[in-house]
Amino acid sequence: MADVETFGKALEYAPSRESTAIVSIKPRYDLFIGGKFVEPKSGTRFTTINPATEEPLAEVAEAGPEDVDRAVKAARKAFPKWSGLPASERAKVVYRIARLLQERAREFAVLETLDGGKPIKESRDVDVPLAAAHFFYYAGWADKLEWAFANRRPRAIGVVGQVIPWNFPLLMAAWKLAPALATGNTVVLKPAETTPLTALLLAEVLQEAEVPPGVVNIVTGAGATGSALVSHPGVDKVAFTGSTGVGRAIQVALAGTGKRLTLELGGKAANIVFEDAAIDQAVEGIINGIFFNQGHVCCAGSRLLVQESVQDLVLDKLRRRMETLRVGDPLDKNTDVGAINSAAQLDRISELVDAGTAEGGEVWQPTCPVPDKGFWFLPTLISNVAQSHRVVREEIFGPVLSVLTFRTPEEAIAKANNTAYGLSAGVWTEKGSKMLMVANQLKAGVVWSNTFNQFDPSSPFGGFKESGFGREGGIHGLEPYVELEPIK
Ligand code: NAP
Ligand code: MG
């Protein structure tokens with residue numbers, strides 16, 4: 001009988017490729033402004049590609065400053081009516097978005113995988129259902145805001161500029177739009193350059209859901225478009241998800257303007273495994289923590305902290321499990337790890353892993369074949385590293401796990417907190433008192449115990465320190481989108 005190590009290799013997998021017939025990608029896409037698709041005044045376009053094949057998918061409008069201005073004006077014009085609607089009417093619109101997303105779930109999942117390279121089983125089972133769940137959740141709050149903020153009267157802020165990254169394109173759009181719309185704000189959204197297509201499909205859903213013209217405007221483009229949006233004087237609030245570097249630049253640009261700001265930035269989470277943990281479960285949690293979505297996850301468990309007494313056992317089981325991961329065609333339902341999102345991100349990952357090797361780290365990768373075309377990086381384990389090494393300190397945003405050890409809970413806590421970030425952490429132990437004692441001392445916005453990467457719209461998410469400020473999800477996620485007046 002095949003043992004665990006050979007099991008994954010012994011099986012021949014028949015390809016199980018999701019059909020792409022359900023999506024019809026247009027050759028070119030315009031901007032979504034005032035409820036309509038309009039040609040960019042900038043006159044320029046860029047190409048979005050499929051990172052698994054390097055083939056172009058579509059030409060997408062690049063919004064220049066005059067286009068951003070037009071979008072902000074459309075949002076301003078729509079604001080009085082939208083914010084003045086009875087809240088239950090707004091709720092109906094947001095519910096309709098959720099239901100339409102569910103109806104067109106397969107289309108969204110396939111398009112997300114084509115444009116961004118993530119495995120279809122993740123876009124199908126995580127990104128799209130969670131995006132719909134976010135709209136459902138915040139639709140429910142729309143007419144209950146007085147209960148969310150006791151003794152204060154919440155009112156919408158105005159025009160919100162939202163900038164999102166490429167790792168969860170549709171889901172991040174949902175995280176941004178759902179609370180903003182439920183609270184009566186109007187929006188200009190800027191998707192990431194490499195993954196604009198599901199946001200543009202969402203624009204069709206918004207039309208179908210009868211979101212009034214101008215309430216949501218979508219301006220595609222690169223960093224310059226994002227910069228034009230956040231610094232536009234007609235924007236009252238900025239919500240940004242992306243890297244700490246860009247977040248810092250936005251904070252500088254907004255200083256003194258009176259604009260409200262929330263930042264969801266990077267992370268370098270510790271995943272702490274104690275000797276008394278259920279080791280097999282912990283190994284699954286480590287795998288999920290760092291290889292889910294190719295490690296393009298802000299809250300990825302990219303630093304494994306394993307108790308010295310079980311280090312060999314955990315690493316042995318981890319390597320065996322990594323041997324079974326299937327890397328390749330993201331449209332194949334058997335694929336665990338898809339394509340790296342872009343050539344630039346692949347370069348960044350490679351550069352940091354090379355730096356890790358140069359600093360003395362030992363790199364281990366499984367022996368999985370990868371396609372010839374496209375951007376790929378094998379799941380990677382780096383051991384023999386120190387806390388001062390770049391691979392341990394910097395966010396890699398790829399499928400790369402650094403391994404550190406500890407002897408006591410105090411040492412684990414000190415090492416886990418020894419980072420400029422503070423977005424998430426994981427604690428694996430069978431002892432409840434130890435779990436709570438450790439979790440209480442971790443400076444991270446989310447701490448998972450005996451699990452990892454669990455998301456729910458009712459649960460707030462956000463950072464400490466250089467991981468940003470403000471919360472998304474739950475009641476907390478309403479707060480950045482309302483002005484609160486005392487009830488006299
Ligand atoms: P990024 O380079 O900061 O980009 C994020 C978004 O900002 C993109 O739409 C980008 O445009 C735009 N942008 C770039 N320069 C800008 C500027 N000067 N002003 C305004 N907008 C600008 O980050 P990324 O590489 O796309 O995403 C990865 C990062 O996001 C990671 O650090 C990750 O941890 C973080 N992230 C955080 C969370 C969270 O919730 N905390 C969630 C997901 C990701 P283009 O890319 O189109 O040029
Ligand atoms: Mg793309």
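Predicted model: local features only at pLDDT ≥ 70, side-chain atom pairs only at ≥ 80, totals over all residues.

1. Residues are numbered from 1 along each chain as its sequence is written, and chains are lettered from A and ligands numbered from 1 in the order in which they are written.

2. Around ligand 1 there are 29 residues, counted when the C-beta atom, placed from the backbone, lies within 6 Å. Glu193, Gly223, Gly226, Gly242 and Cys298 come nearest. Two helices, α9 (223–230) and α10 (244–254), each give two or more residues, and α9 has the largest share, four. (Helices are DSSP runs of H or I, at least four residues; strands are runs of E, at least two.)

3. Domain 1 (28–265 + 466–486) and domain 2 (270–456) both contribute to this shell, so ligand 1 lies between them. The bounds come from an automatic or database domain assignment.

4. Now for α10: Thr244, Val246, Gly247 and Ile250 are buried (20 or more other C-beta atoms within 10 Å of a residue's own; exposed means 12 or fewer). These buried residues fall within an arc of 160 degrees seen down the axis, so they line one face of the helix. Gly245 and Val252 are exposed on the other side.

5. The buried residues of α10 pack against α9, β10 (237–241), β11 (260–264) and β19 (468–469), with contact taken as C-beta atoms within 7 Å.

Notes:
Arc of directions from axis to C-beta. Contact = placed C-beta atoms within 7 Å.
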